[in-house]
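Student: Could we look at this structure together, one question at a time?

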Amino acid sequence: MDKIVIHGGERLQGEVRINGAKNAVLLIQCAALLGEGKTTLRHVPRLSDVRTMGKLLERLGCQVGGDRTLSIDPEGVARGGLEAPYDLVKTMRASVTVMGPLLARYGRARVSLPGGCAIGARPIDQHLKGFAALGAEIELSHGYVELRARRLHGASVVFDTVTVGGTQNVMMGAVLARGTSRLENVAREPEVQELARFLNKMGARISGAGTPVIEIEGVDSLGGIDHAVVPDRIEAGTMAVAAAITRGDVLLRDAPVDDMHAVIAKLQEAGVSCDVTSDGLHVRGPEQLRPIDVTTRPYPGFPTDMQAQLMVLATQAHGQSLLTETIFENRFMHVPELGRMGADIHVNGNSAAVRGSTPLSGAIVMATDLRASASLVLAGLVADGPTEVRRVYHLDRGYEAIEKRLRGLGARIERFHGAPG
Ligand code: UD1
C-alpha cells in the first residue's frame, strides 16, 4: 500500500490545471452503454474509480480502450450477462448506475445491491421507485436486484429525497422509453446537467436539467459520440482550500467557477480572495482566516464533498466555526484523525464545532474515505513536522496524482510505495 508524506509549512504558488470531473465521467461511462456505436471521451482523469467503471463495462461486454482519451464500444454488450457483480459494486457504489442504461437498451439488468459504505447506509430505493414507475419488474434476491422490461414507458416520478445518482439512473432509463417522462424533486447538480448534455448530444430529448423538474421525451435510439468532460468542481475546491490555508497564491486553470458559487462564497467569507478570470479561479489566502458556518445541502447549496476540506480551513481560522452535514451520516470520520493532529473539534449529532486557530502537528493518519483523505493531505500542508497519510488508495479514487500536482505548487509532498496498511 502507498503512503503520502507531507512536510508542511510551504506557501503554495503557481498554477494548476483542473482535471475532468470524476463524478461526471463515471456517469457518462455508464451512458455510453446506451449508444449504437463507439463513444470517445476526452479530458478523462486518471483515477482508480474510472478504471473500475471501465472494468465493469468490459465485464458487460464493452470494448474499452485508452485512459486520458477513453473509447467505449458497447457493441458486444447484448451477448454478455448484463450483470454488475458484487466484487465491483462493493468497491464503487456508482456501479449501480449501469442499471438505467442496461434496462433501457437491453431490457434487463442484474446488479449487486451496494450495501452500506463508510459514509452511511446509502440506499437505492429511489432508483428502484423510478424504474418501477417506468414499468420495470423488479426482484430482489441473493443480494442482487434484477430488473426487466420489454420496453420502458414514460411516467411521472416524484423523488422522496433529492438524489444525484437516482436522478441520473432514472433519467438514463427514461431516454429510450416509449412516451414522455416527468421527474420531479430531482438533483440539480452540475453532474446531472453534464449527463443530460451528453445524452442530448447522443440524440436524447431531455429538458430542465439543472432545475427541480426534468422532462424526457423518449426516442428510439441513441448514437455513440465524441465528448470532452467538464472540469472537476471538487478537485478545484480542494486546491482552492490548499491555497487558502497556506496563504498561497494559485491560479486554478479551467476551474468551473459557475458550478462553484457556494464554495467560493464560503471561501470569501473566510477572507480568502477569489478572483474569477478568463483562465479560471485565482485564489489568494489571507494572513488571517475568519471562522465560517457551513451546512451541506443539495446543489446549489454547499457540497458535502467539500465539507471535510472546509473543516481543515476552519481549524486555521481565528474563532469558532460550525459545520453541519445534512446529506450523509458518518461523514465526520476525518474528525478523530484531525484531532490527533491537534485540531479542536467537537461533534454533536450532525454538527461539528471547530475552534481555531490551532497549530497542527504532523502525525501518522489513516485515510478513511475519499474526501476525508483529501482533508488529511490539506492538514499536512499546514502542520508542523511530517504527516504520513496511509491508505491513500481512497485518495487515488478521486484525485489524480495529487502529490505531483501539489508539488508543482511548491508543497513538500511525496508518495512512497509499499507502506503498511
Ligand atoms: C453522488 C456523488 C457523491 C456525492 C453525493 C451527494 C457520484 C458518483 N457520487 O453520490 O460524490 O457526495 O452525490 O452530492 O456522483 N438516498 C436515498 N435513497 C436513494 C438514493 C439516495 O435515501 O435511493 C440518500 C442517500 O442515502 C444520501 C442522499 O440520498 O443520504 C444523497 O445521496 P445521492 O445524492 O444519491 O448520492 P450519490 O448519487 O450516491
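Tutor: Gladly! A residue counts as near a molecule if one of its heavy atoms lies within 4 Å of that molecule. Keep in mind that this is a predicted model.

Student: Which residues come nearest to the ligand?
Tutor: Start with the shell, which has 19 residues around the ligand. From that group, the ones that come nearest are D125, Q126, T163, D305 and I327.

Student: How far is a polar side-chain atom of D305 from an oxygen atom of the ligand?
Tutor: Polar contacts are pairs of N or O atoms within 3.5 Å. For D305, the distance from its polar side-chain atom to a ligand oxygen is 2.6 Å.

Student: How much of the ligand's accessible area does the protein cover?
Tutor: On its own, the ligand has 740 Å² of accessible area. The share that the protein covers is 84%.

Student: Which element gives the largest share of the shell around the ligand?
Tutor: Two elements give two or more residues each: α5 (125-133) and α6 (164-174). The largest share is 3 residues, and these come from α5.

Student: Now the sheet: why is one side of β7 and of β9 left without a neighbour?
Tutor: The open sheet has 4 strands with mixed pairing, in the order β7-β8-β10-β9. β9 pairs with β10 in the antiparallel sense over 5 bridges. One side of β7 and of β9 has no neighbour in the sheet because both stand at the edges, each with a single partner strand.

Definitions and conventions:
Residues numbered from 1 in each chain as written. Predicted model: local features only at pLDDT ≥ 70, side-chain atom pairs only at ≥ 80, totals over all residues. Heavy atoms only, no water. Polar contact = N/O pair within 3.5 Å; in protein donor to acceptor, adjacent residues only side chain to side chain. Areas by Shrake-Rupley, 256 points an atom, 1.4 Å probe, with all protein chains shown as cover. Pairing = 2+ DSSP bridges.
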